[in-house]
Amino acid sequence: MKQVYVLNLSCPDRPGIVHAVSGFLLERGGNIEEAAQYNDHGTGLFFMRVQFACAQVTHKDLQLQLKLFAEPHQMKWSLHAASQLMRTVIMVSKEGHCLNDLLFRWKIGLFPIDIRAIVSNHREFYQLAASYNVPFHHIPVTAATKPQAEGRQFEVIQAEGAELVVLARYMQVLSDDMCRKLSGKAINIHHSFLPSFKGAKPYYQAHERGVKLIGATAHYVTADLDEGPIIEQDVIRIDHSDSPDDMVRYGKDIEKTVLARGLRYHLEDRVLVHGNKTVVFR
């Protein structure tokens, strides 16, 4: 039975890599359906994403053979079956616009995702979760109980076998330990066009500065607050007549769009982390 896979790889750049990868897949009956590449001349690294169909070799055998193929090329690589839905846990606080948008897109089949649970430090959205038949976990967080709360959150993530955690306006700063546990598999939407206006109330910071553009940023979570590798961003124009409340209202629309785009790129294996940056094959 034919299976569609996505292969992502990065390695030191040198002539013949595309030929070698294409030949490897051809020898195993692979038919390339989509391919993209990028040469970073600043670091001398080569990045590639290949979507291909294959019926002759199993997923397990492909992984074993890729391991041998990649070693002499010093390749970092990942291989995923395109049909496999990514198990995901969503975390949220009191702002539900991003959560509602993601649930709706999932319900109508726009995302290759399997939403396993919703975790929140407030009770506001338990009915919304129930309407989509998604388990809802209310885990309050205070300064005194944060270690225990994060322990319970991580238990839910592990119990659901989650490969991805989406912070859909979850307004608690994750501890360094939690960030390390979720490294590379947690996406946050920040209501600001980073690196400007980090931290709390960025729209109010932007209003005080008199900016003419506001935006949103989807990025991977790291221990450095709001400084993880950026996946997607967008902006909208405002003017002097817009109040902070106006900016918050406009911002909610762009936050939903940016998070949805960034999440799709991740779900389709279009994002390769490159130090504190990303290569995104749109």
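The following conversation concerns a predicted model of a protein.

Student: What are we looking at, and how many helices and strands are there in the protein?

Tutor: This is a predicted model, and the protein contains 8 helices and 13 strands.

Student: What box do the C-alpha atoms fill?

Tutor: Along the principal axes, the C-alpha atoms occupy a box of roughly 60 × 40 × 35 Å.

Student: Let's go to the open sheet. In what order do its strands come?

Tutor: Its 4 strands are arranged in the order E2-E3-E1-E4, with antiparallel pairing. At the edges are strand E2 (31–40) and strand E4 (76–81), each of which pairs on one side only. From one strand to the next, the twist averages 10°.

Student: How many bridges join E1 to E3?

Tutor: Strand E1 (residues 3–12) and strand E3 (residues 45–54) run antiparallel and are joined by 10 bridges. Within this sheet, Ser10 is found opposite Phe47 in E3.

Student: Which strands does helix H1 touch?

Tutor: Helix H1 (residues 17–27) packs on the sheet and touches E1, E2 and E3. The direction of H1 makes about 20° with that of E3.

Student: Then what about H2, which strands does it touch?

Tutor: Helix H2 (residues 59–70) also packs on the sheet, where it touches E1, E3 and E4. The angle between the direction of H2 and that of E4 is about 165°.

Student: Where is Gln74 found?

Tutor: Gln74 belongs to the loop between H2 and E4. Its phi is positive, at about 55°, although Gln74 is not a glycine. Most residues other than glycine have a negative phi.

Student: Is Gln74 buried or exposed?

Tutor: Gln74 counts as exposed, because its relative accessible area is 58%.

Student: What is the phi of Asp269?

Tutor: Asp269 has a positive phi of about 55° and is not a glycine. Asp269 is located in the loop between helix H8 (244–267) and strand E12 (271–274).

Student: Buried or exposed, that Asp269?

Tutor: Asp269 is buried, since its relative accessibility is 13% and the cut-off for burial is under 20%.

Student: New topic: why is strand E10 described as largely enclosed?

Tutor: Strand E10 (residues 213–220) has 7 of its 8 residues buried, so the rest of the structure largely encloses it.

Student: How many bridges does E10 form with E9?

Tutor: Strand E9 (residues 186–190) pairs with E10 in the antiparallel sense over 4 bridges. In this pairing, Ile189 faces Ala218 in E10.

Student: And over how many bridges do E10 and E11 pair?

Tutor: E10 and strand E11 (residues 230–237) pair over 7 bridges, again in the antiparallel sense. Here Ala218 stands opposite Glu232 in E11.

Student: Which helix does Gln153 lie in?

Tutor: Gln153 is part of helix H5 (residues 146–159). Gln153 counts as buried because its relative accessibility is 1%.

Student: Which residues does Gln153 touch?

Tutor: Leaving aside residues up to four places away in sequence, Gln153 touches Met91, Val119, Ile139, Val141, Tyr170 and Met178.

Student: What separates Gln153 from Gly29?

Tutor: The two are 124 residues apart along the chain, and their C-alpha atoms are separated by 43 Å.

Student: One last topic, the rings: how many aromatic pairs does the structure hold?

Tutor: There are 3 aromatic pairs in the structure.

Student: What lies over the face of Phe154?

Tutor: Lys181 lies over that face, at 4.7 Å from the ring centre of Phe154.

Key. Residues numbered from 1 in each chain as written. Predicted model: local features only at pLDDT ≥ 70, side-chain atom pairs only at ≥ 80, totals over all residues. Heavy atoms only, no water. Phe/Tyr/Trp six-rings, centres within 6.5 Å; stacked < 30°, edge-to-face > 60°. Lys NZ or Arg CZ within 6 Å of the ring centre and 35° of its normal. Pairing = 2+ DSSP bridges. Helix = DSSP H or I, 4+ residues; strand = E, 2+ residues; numbered from the N terminus. Axes fitted to C-alpha atoms, helices over the stretch in contact; angles between N-to-C directions. Contact = heavy atoms within 4.5 Å. Buried < 20%, exposed > 50% of the residue type's maximum accessible area, 1.4 Å probe, protein only.
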